[in-house]
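Welcome! Take a look at the model below, and then we will walk through a helix, a strand and some charged pairs.

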Amino acid sequence: MEFVVEEDKTLHEECSTLILPGLSIGNVGQLAVDLLVSSTGAERIGYLDDPNLLPCVGNDAYLPEPQGDLALPLEAYDSTSNSLTLIQQRSPVVKGMMIEFAKNVADFAAASGKKHIVVLSSLDFGRWQTIDMSSGLQIYYLSSASVDGTDVDCERLGWKKLQEYNPAQRMWKYLSTLAEGNAELDDDMPSEDELGEEDYCPSLPFAAMFSCFKAKGLKVTCLLCYCSEGDNISEAFQLADAACRLLDIDPNNFHGNAGGKWIVPFSWQTVYGPPPDMSLF
């Protein structure tokens with residue numbers, strides 16, 4: 001993976017925390033990162049060129065009047081006031097190359113001196129085993145702070161550890177072995193027909209990222225929420241807010257638009273297409 005720095009810009013060493021999405025159902029993590037980039041006033045400092053990502057290109061996602069800066073598959077933004085580097089991934093990983101992609105991102109994070117990695121992602125609401133909406137959307141987490149994935153800071157914030165994480169389970173164990181470079185991709189890999197319910201979570205992108213960051217000796221925290229395909233704007237707000245709570249960042253200092261604390265990115269205006277033609281009703 002090559003990091004291409006934009007002219008007259010540098011990757012600030014004081015930005016010791018890295019936030020990035022784990023693309024999954026509803027792309028909530030991607031929406032949350034866009035919200036954080038827009039609200040923190042983060043400046044794009046460059047992009048990462050990785051052969052494991054499908055190509056894509058688009059207009060500037062944040063300004064209502066684009067300045068001609070193209071949006072690329074994997075971009076890096078720095079928010080020095082919050083000591084954050086944010087990575088936005090805009091295209092999916094080539095099938096079968098998730099581990100290689102995660103290794104490359106982990107290499108970049110380690111080489112650039114990042115101390116804490118936060119992965120924002122979503123899980124399939126249809127697979128939620130114990131549904132309790134009495135207290136609203138529940139944030140789940142997975143942390144490298146301990147062997148069993150628990151973290152006292154996350155527990156203090158009232159979040160629940162992802163129950164499906166079991167480092168001794170075959171797929172989680174296999175991911176860890178791959179991330180450490182002690183196995184080939186197909187060694188002892190169960191076929192799709194052999195995958196069970198317990199294999200769902202370790203098959204998702206966030207799991208590969210978690211394993212590869214952990215193998216690099218980096219502290220990594222995955223923040224997760226359940227959702228369905230469709231309009232997941234509210235979940236993105238809550239996931240972005242959870243990231244701020246974890247990192248002790250006050251969103252009230254963002255000076256958001258429309259009377260709120262968040263600055264809604266311009267790209268959200270068309271994220272689900274144009275509004276319906278009301279003359280049809």
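What covers the buried residues of α4? The cover includes α2 (98-111), β7 (140-143) and α5 (205-215). Keep in mind as you read that this is a predicted model.

**Helix α4 and its ends**
- Helix α4 spans residues 170-179, and its buried residues are M171, W172, Y174, L175, L178 and A179.
- These residues lie on the same side of α4, because they cover an arc of only 160° around the axis.
- Just after α4 comes G181, which has a positive phi of about 75°.

**T221 in its strand**
- You will find T221 in strand β9 (residues 219-227).
- T221 has a relative accessible area of 1%, so it counts as buried.
- Its side chain makes a polar contact of 2.9 Å with the side chain of H116.
- Leaving aside residues up to four places away in sequence, T221 touches several others, including I117, V118, L142 and L246.

**Charged pairs**
- Side chains of opposite charge can pair when their charged atoms come close.
- The model has nine salt bridges.
- One of them joins R44 and E6, at 2.6 Å from N to O.
- This pair links distant parts of the chain, 38 residues apart: R44 is in strand β3 (residues 43-49), and E6 is in the loop between β1 (2-5) and β2 (17-22).
- Both R44 and E6 are buried.
- E6 also forms a salt bridge with K9, at 3.2 Å, and K9 is partly exposed at 24%.

Definitions and conventions: Residues numbered from 1 in each chain as written. Predicted model: local features only at pLDDT ≥ 70, side-chain atom pairs only at ≥ 80, totals over all residues. Heavy atoms only, no water. Buried < 20%, exposed > 50% of the residue type's maximum accessible area, 1.4 Å probe, protein only. Helix = DSSP H or I, 4+ residues; strand = E, 2+ residues; numbered from the N terminus. Arc of directions from axis to C-beta. Contact = heavy atoms within 4.5 Å. Polar contact = N/O pair within 3.5 Å; in protein donor to acceptor, adjacent residues only side chain to side chain. Salt bridge = Lys/Arg side-chain N within 4 Å of Asp/Glu carboxyl O.
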